[in-house]
Amino acid sequence: MAQPKGTVVLAYSGGLDTSCILVWLKEQGYDVVAYLANIGQKEDFEAARKKALALGAKKVYIEDVSREFVQQFIWPAVQANALYEDRYLLGTALARPCIARGLVGIAQREGAQYIAHGATGKGNDQVRFELSCYALCPKIKVVAPWRLPEFYQRFPGRRELMDYAKKHGIPVPVTPQTPWSMDENLMHISYEAGILENPKVIDHGSHGAGGVSCVCSLIGNFTAGPAVCAGRLRRRPRRVTNTGDGATRSSALELFVYLNDIAGKHGVGRIDIVENRFVGMKSRGIYETPAGTILHHAHLDIEAFTMDREVRKIKQGLSLKFSELVYNGFWHSPECEFLRECIGRSQEPVVGTVRLSVLKGQVYILGRESPRSLYNEELV
């Protein structure tokens, strides 16, 4: 065993990669504290806790930060009409600074000098995690195994990880692995890597009878009847009412979960794009953002109805910069905090109700009303 190096807080998911990383960190001489944030993913958290402890974690922290994720990260993005490169609603990019805040909090509680993550050396998440951690705790040191030669040379592929797992008693998946990676939170589900790295691939053969949509778990019945909702906004979403059955949701988390369910059944919010990563390469990703897509359209509509024309022009420029900062991992930077304050100030007149329907992947705005409306019906 290596010489003791102190305590490291690991961003732990319970999957093969972070389970192997947990054991590897112990081999290197670290005391490992596992941290798992609940941001709305479908996960057996108690099983993940038992697994981490069985693998030698000193402690395991599981925090439900789903409500904070909606209120403190998603809502500001909705206010900003945030879109990266005109299409991506930033589901993963918004989740990472929320998780990083939890990592730093546990590191400070445990007196840990190190934080570790399982993000690869080619992706955006390494930047998002690390910039957030450094911004919140400049003295923290980050261990990124997939950038360390002693790790990636030892594990050049999945086969080596599987062999390592079997050798060290790490439970390995018994079901066939999907040929892509998937990341899930309240805001979205993303699919990338594997066979999706070929941008021409649309048919997955044995995985379904259609295109990529067959693997998208939020896309359900495309033949359902239209769902009509009325949403009330006062600077941020306040209430959603299904005008068909009268069901109403008012709390931030319940509202968002409900819209995910309604929009998901109609295939709303699925995109297949090629984007520019911060680290300097193009990547192909498939994203599902059901509730976020509804709220994006609803907010755009009531904002156009209530906001001064010249203010809106300036705010559109701020939104573009905000989206780039969030995508690139600068949520906790001074400039991003400043933009959130500016955008928040612009939202004071954005009050009202939007009536909309969703059907077969589309969001249709049906009408709107607001006590702060700048629309003059008599003049028109």
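Colleague: How do the residues lining the second largest pocket divide by class?

Modeller: Keep in mind that this is a predicted model, where local features need pLDDT of at least 70 and side-chain atom pairs count only at pLDDT 80 or more, while totals for chains, interfaces and linings use all residues. Numbering runs from 1 along each chain as its sequence is written, and side-chain values use heavy atoms, with hydrogens and water left out. For the classes, Ala, Val, Leu, Ile, Met, Phe, Trp, Tyr, Cys and Pro are nonpolar, Asp, Glu, Lys and Arg are charged, and the others, Gly among them, are polar. On that basis the lining splits into seven nonpolar, seven polar and three charged.

Colleague: What is the volume of that second largest pocket, and which element gives the most to its lining?

Modeller: On a 1 Å grid over the protein atoms alone, a pocket is an open set of points with protein on both sides within 12 Å along at least five of seven lines, a cavity is a set where a 1.4 Å probe fits but cannot get out, and lining residues have an atom within 4 Å of a point. Points are joined across faces, edges and corners, and the volume is the space filled by probe spheres set on them, about 280 Å³ for this pocket. Arg 87, Leu 89, Ile 271, Thr 293 and His 297 are closest to its centre, out of 17 lining residues. Elements are DSSP runs numbered from the N terminus (helices H or I, at least four residues; strands E, at least two), and the top contributor, with three residues, is α9.

Colleague: How many cavities of 30 Å³ or more are there, and which element gives the most to the lining of the largest?

Modeller: The search of the whole structure turns up two, and the largest cavity holds about 120 Å³ of space. Its lining has 16 residues, with Gly 231, Val 240, Leu 259, Ile 294 and Leu 295 nearest the centre. Twelve of the lining residues are nonpolar, one is polar and three are charged. The biggest contribution, five residues, comes from β8.

Colleague: And the second largest cavity: which domains does its lining draw on?

Modeller: It holds about 60 Å³ and is lined by Ala 77, Val 78, Asn 81, Ala 82, Leu 89, Met 187, Gly 292 and His 296. Helices α3 (66–80) and α9 each give two or more of those. Five are nonpolar, three polar and none charged. Using bounds from an automatic or database domain assignment, at least three residues come from each of domain 1 (7–179) and domain 2 (184–369).

Colleague: How far apart are the C-alpha centres of the two domains?

Modeller: Their contact (heavy atoms within 4.5 Å) takes 44 residues from domain 1 and 53 residues from domain 2. The C-alpha centres lie apart by 25 Å.
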